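These are my notebook entries on one structure, set down in the order in which I looked things up.

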Amino acid sequence: MIQYFSMMLVAAGLYGLLSQKNLVKLIISLNIAEIGVNLFIVSIGYVEGGAAPILSSVSNNSSLLFVDPLPQALVLTSIVIGVGVTALALSLIVSVSKSRGTIDISELSSGGGDRE
Amino acid sequence: MKRILSVIIALLFFFMIVTVLNSDSSDSMGIPRYGEVKLSERVSAKYIEKSVNENQDEIRFGVTADAETGSANMVTSIVVNYRSFDTLGEVTVLFISATGVGLLLGGGRKRIGSVISVSPVVKTASRVIAPMLMVLGIYIFVHGHLTPGGGFPGGAIMAAGFLLLVAVDDEKRAYKGLKILEGTMGLLYVFIGIAGLLISGSFLENFLPTGVVGELFSAGIIPVVYSVIGLKVGAELSGIVDDFISEGGDEI
Amino acid sequence: MNPVWLIAIPLALAFVSAFWRIVSGWALIIAAFFNAFAGVFGVIFLTATSFSIGGWKAPYGINLLVNDATKLLLPISNILFLFAVLSYLRKGEETTKYSVVFLVALASLNGILLTNDLFNLFVFLEIAGISAYLLASTGEGSDSKVASFKYLMIGSVGSLLYLLGVAILYGAAGTLNISELAARVSSGQISGDVTLVSSLLIVAGLGVESKLLPFNGWVPDVLTKSSRVATLVLASVYPLAMVYAFSKVILAVGDDRVLNLVVLLGIATVLVGEVIAFGQKSLRRTLAYSSIAQSGLAIFLVGIGSVEAVTGSIMLLINNALSKFMLFSIDDQVIDEAGRDDRDTLYGYGRKSPIVGVTFVVSALSIAGMPLFFGFRGKLNAISASFEASLAVPVLILIAAAIEVTYYFRWIFTFFKPVGTVQAPEKRILPSVEFLAFGLVLSTVIVFLGVSSGEAFTMFERAADSLVNGVLAIGKAILGGM
């Protein structure tokens with residue numbers, strides 16, 4: 001079930017990316033799609049009845065049933081990469097809005113000059 | 001028109017993935033059903049058992065000494081030891097993004113003031129809470145090999161402490177040493193890798209003793225690397241916050 | 001020499017440059033020289049093929065693969081990067097201000113060429129991508145920022161789809177190592193639905209950076225609006241690494257039906273690129289669309305997948321890197337001197353500056369595929385390999401080649417049209433020293449490879465063979481040993 005929900009998130013994000021014109025809304029759609037993909041990756045690793053992959057006093061030896069730890073490691077990296085790209089995109093938006101005065105992608109693409 | 005096309009494409013994508021999720025895996029390996037993963041078919045089996053180098057003993061918490069990575073948190077052992085190159089790349093991504101934000105936005109002398117005026121209660125309380133947040137961040141990344149979390153969430157919480165201070169005080173700017181801290185920590189990570197190369201023969205190989213699984217001083221270079229990463233990420237995200245609130249900057 | 005040094009040194013110097021202003025200008029030069037030397041002397045004589053990171057054997061750890069293909073491409077990429085950095089060192093302070101970005105780009109491009117792990121490739125693609133977005137934003141004015149934003153959007157969606165494809169493949173196969181996945185996929189262990197969907201997603205993801213249709217909306221604006229050194233790196237070194245990564249992954253884990261789709265998309269890219277390039281008035285835009293077409297050529301050959309086709313692909317990639325470097329440098333010289341690069345400005349430029357004219361002729365004819373130049377051998381392989389696909393394919397390629405030859409000849413005639421009169425003879429324009437040096441070296445290489453005999457070409461064949469068959473063989477060895 002969760003895999004379908006995460007795919008719906010990705011589909012919603014893709015819809016936003018294709019139809020929105022405001023630059024900030026594009027970033028938000030990208031983030032939604034990224035969350036969907038990360039959720040999907042984590043769900044690939046679920047083992048029914050498995051414990052969280054940390055040895056502790058509760059689950060104290062490695063022969064017990066654990067959830068797959070590798071997708072969690074992949075998602076860790078993917079989230080951070082998403083943060084980096086979002087920060088860069090937002091700073092580009094600030095820079096563009098300062099010099100063009102608009103954050104609508106159709107107005108920007110038709111070329112206009114710099115404001116003042 | 002554009003909206004309808006977008007909806008169609010999004011739905012097509014959704015159905016494509018749904019078919020692969022439901023594919024019948026009778027004679028070949030398909031995606032297993034949710035929850036029915038057989039870990040023995042994946043590389044993760046050896047990560048859990050810590051038996052990549054063919055060590056077949058069971059790992060017991062608090063008892064086993066000199067295990068392969070020595071870390072109780074298996075995700076940490078993957079992130080910092082088995083697949084440490086990915087983490088170096090991730091650190092680089094954050095680094096280049098922070099540098100990019102600095103190049104595009106940074107350098108302004110003045111600060112963008114906040115629109116709402118903040119009451120003295122909030123200001124005083126945040127001066128108490130922000131250090132607590134920083135200590136929490138430090139705790140998370142120092143214990144990265146024992147509890148969930150690690151360098152990245154720890155660094156992010158430290159930056160959240162800085163963000164709190166910035167949000168309530170109109171004069172707050174970043175400390176001068178943040179850039180130096182960020183660069184030095186990144187350099188340290190690459191040096192740890194090169195040290196592994198020169199001492200043990202492979203880049204980023206674990207060259208410190210791994211101790212007993214579950215103790216604070218265990219897992220070789222893992223706590224060192226996570227502390228380096230935590231400080232670096234904290235400094236980096238604080239730098240990004242500082243760049244966003246600075247006014248002026250390069251008008252390119 | 002462990003090839004990790006090619007990645008570790010630029011990265012370490014990048015971290016230092018972040019806080020030490022004085023070092024940052026020198027750091028880029030030091031790293032570029034080190035990488036160029038290490039890329040040539042350290043890599044060519046290597047005998048070992050797989051270098052594990054962290055000491056864990058593949059597939060449990062990440063490993064770097066050095067095969068005949070990387071031994072060919074690593075030296076070329078690093079040397080071209082060095083040339084790009086040196087080209088405008090005296091004039092611009094662009095390399096000092098953006099030195100961190102260039103250093104990280106250098107490290108990531110080497111990482112892309114070397115890595116043998118799907119997720120590691122994703123991370124390096126992201127690093128290279130973010131560096132590319134920053135390099136694209138270096139132009140003057142806000143146009144470059146808008147172009148960079150569009151590039152960022154399309155690039156991020158692409159990497160998202162690539163990551164999803166990798167996740168699906170991992171869910172079914174349980175490993176992320178490219179060699180092992182190649183063995184599993186080719187032996188039919190993975191279900192057809194999974195390989196189809198994951199290959200589609202991976203093609204979409206890698207196709208963005210490789211300028212494949214329909215993902216290449218970002219190319220014209222980015223290549224025309226970024227600053228000088230950035231354009232040189234983005235147009236000559238980046239396509240080498242990106243299309244090589246595309247080939248590496250698709251040949252290993254691609255589904256056969258998706259490979260056919262890749263052939264179709266590649267041919268469409270070539271045709272669309274050439275047709276649009278034909279009508280461009282500015283030399284720079286012509287070169288941008290020509291780059292799209294060249295990538296399309298290299299990619300459709302990868303889709304065909306035979307050793308002969310991949311040999312042609314590698315030759316075309318290298319030819320594109322060398323020639324586009326010179327062509328964009330020429331365009332920079334013109335814009336430096338005259339401010340614009342449309343047809344009127346270029347009338348007779350070749351007579352005013354004969355060196356520029358000659359280098360333009362060499363590189364333009366090489367891309368167009370004329371005999372005597374390197375591009376001819378690549379195109380020849382392309383056409384003869386494409387007979388395997390179907391009879392329509394060589395015809396389409398020949399049509400595209402005809403269009404390409406036409407517009408390049410038009411530019412060459414523009415360069416050499418006589419303009420001055422007897423009373424006012426044309427004045428001579430001298431290009432910069434760096435342009436002289438690099439132009440001479442690259443032109444010589446292009447002509448040498450164009451006329452040399454068959455023995456020199458075994459290295460391209462061995463490179464292609466290592467891509468098509470070598471990766472699979474390593475994978476089978478891993479599977480057998482498990």
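**Entry 1. Conventions.** I worked with a predicted model, in which local features need pLDDT of at least 70 and side-chain atom pairs count only at pLDDT 80 or more, while totals for chains, interfaces and linings use all residues. Residues are numbered from 1 along each chain as its sequence is written, and chains are lettered from A and ligands numbered from 1 in the order in which they are written.

**Entry 2. Chain B as a whole.** I counted 8 helices and 0 strands in chain B; helices (H or I, at least four residues) and strands (E, at least two) are DSSP runs, numbered from the N terminus. The C-alpha atoms of chain B fill a box of roughly 65 × 60 × 40 Å along the principal axes.

I then looked up burial. Of the 252 residues of chain B, 49% count as buried. A residue is buried if 20 or more other C-beta atoms lie within 10 Å of its own, exposed if 12 or fewer, and partly exposed in between, with C-beta atoms placed from the backbone. Among contacts in chain B between residues at least 6 apart in sequence, 74% join residues at least 24 apart. Two residues are in contact if their C-beta atoms, placed from the backbone, lie within 7 Å.

**Entry 3. Chain B against chain A.** I found 49 residues of chain B in contact with 41 residues of chain A. Helix 1 (2-21), helix 2 (44-49), helix 3 (74-82) and helix 4 (84-105) of chain B each supply at least two residues of that side of chain B. Helix 1 of chain B gives the most, with 12 residues. By class, the side of chain B that touches chain A has 31 nonpolar, 7 polar and 11 charged residues. Here Ala, Val, Leu, Ile, Met, Phe, Trp, Tyr, Cys and Pro count as nonpolar, Asp, Glu, Lys and Arg as charged, and the others, Gly among them, as polar.

**Entry 4. Chain C against chain B.** I found 44 residues of chain C in contact with 48 residues of chain B. Helix 6 of chain C gives the most to this side of chain C, with 9 residues. The residues of the side of chain C that touches chain B divide into 28 nonpolar, 14 polar and 2 charged.

**Entry 5. A helix pair in chain B.** I examined the contact of helix 6 with helix 8 of chain B, whose residues divide into 14 nonpolar, 6 polar and 1 charged. Among them are Gly151(B), Phe152(B) and Gly154(B) of helix 6 of chain B and Tyr226(B), Ile229(B) and Gly230(B) of helix 8 of chain B.

**Entry 6. Record annotation.** UniProt places the feature "domain: MrpA C-terminal/MbhE" (unreviewed entry) at residues 63-105 of chain B; UniProt positions are given in the numbering used here, feature names are shortened, and annotations may be inferred rather than shown by experiment.

**Entry 7. Met242(C).** I located Met242(C) in helix 11 (residues 228-253) of chain C. Met242(C) counts as buried because it has 24 C-beta neighbours inside 10 Å. Leaving aside its neighbours within four places in sequence, Met242(C) is in contact with Glu209(C) and Ser210(C).
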